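I opened a new page for this protein. These are my notes on what I looked up, in the order I went.

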Amino acid sequence: MTVAQAGRAALLVLLVFGVVGWAVSGAEYFLRLAYLAAFLLAGSAFWAQRAMRGIRVERKARLVRATVGEVIEERFEVVNSGRWPCLWLEIRNQSNLPAAGGSRLLTNLGPRRRRFYTARHLLTERGAYPLGPTLLISGDLFGLYRVQRLVPASETLLVLPML
């Protein structure tokens, strides 16, 4: 059981406890507890669905041909064109390039904002490597729900033997 599943289970238990406690005793604080748990569950699910809307990631490599031993730079641009802020966004580089970097965790990406960062890769093996895919993971503030999206590779890097 993951932490998110445990959190959702705990809130469901609080919801049931509040409703049963209110039905048995009629005390208002049980009903308030049930309302709070229901609001947290529904609000977190709503926020998690809205968190990834309008998020896009673009990867651009300065070079698409290089030789073994060189360091290439790849520029990531993360844009939130939506109306909701993205409280946290995990970017996972799933390229099969050996020792590839580029994975980051961004926080507080406001509406209609963009962030840039650069990843550098030391090329150790020759071959053709797609620059991607990129996995985007986000969710609500409490970590109860997660939303994932896979951005396919748009460029291929050709690594030539050292001369």
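**Ground rules.** I am working with a predicted model, where local features need pLDDT of at least 70, side-chain atom pairs count only at pLDDT 80 or more, and totals for chains, interfaces and linings use all residues. Residues are numbered from 1 along each chain as its sequence is written, and side-chain values use heavy atoms, leaving out hydrogens and water.

**Overall shape.** I looked up the extent of the C-alpha trace: along its principal axes it spans about 80 × 35 × 20 Å. Then I checked the radius of gyration, taken over C-alpha atoms. The protein has 22 Å, whereas a compact globule of 163 residues would be near 15 Å. That globule rule is 2.2 Å times the number of residues to the power 0.38.

**Surface and contacts.** The protein exposes about 9800 Å², and carbon and sulfur atoms supply 60% of that. I note the method: Shrake-Rupley with a 1.4 Å probe. Of the 163 residues, 36% count as buried (under 20% relative accessible area, 1.4 Å probe, protein chains only). Next came contacts, meaning heavy atoms within 4.5 Å. Among those between residues at least 6 apart in sequence, 68% join residues at least 24 apart.

**Elements.** I counted two helices and ten strands. These are DSSP runs, numbered from the N terminus: helices are H or I with at least four residues, strands E with at least two.

Which strands form the open sheet, and in what order? I found three, in the order 1-3-6, with antiparallel pairing. Pairing here needs at least two DSSP bridges between two strands. Strand 1 (55–61) and strand 6 (113–122) are the edges, each pairing on one side only. Neighbouring strands are turned by 20° against each other on average, direction ignored; the axes are lines fitted to C-alpha atoms, and angles run from 0 to 180 degrees between N-to-C directions. I then followed strand 3 (residues 71–80), which is joined to strand 6 by ten bridges. There, V71 stands opposite L122 of strand 6.

**Strand 4.** Why is strand 4 (residues 86–93) called largely enclosed by the rest of the structure? Because six of its eight residues are buried. Five bridges join strand 4 to strand 5 (residues 104–109), running antiparallel. In strand 5, L105 is the bridge partner of E90. Strand 4 also has five bridges to strand 8 (residues 134–139), again antiparallel. In strand 8, T134 is the bridge partner of N93.

Definitions and conventions:
Buried means under 20% relative accessible area, exposed over 50%, partly exposed in between (1.4 Å probe, protein chains only).
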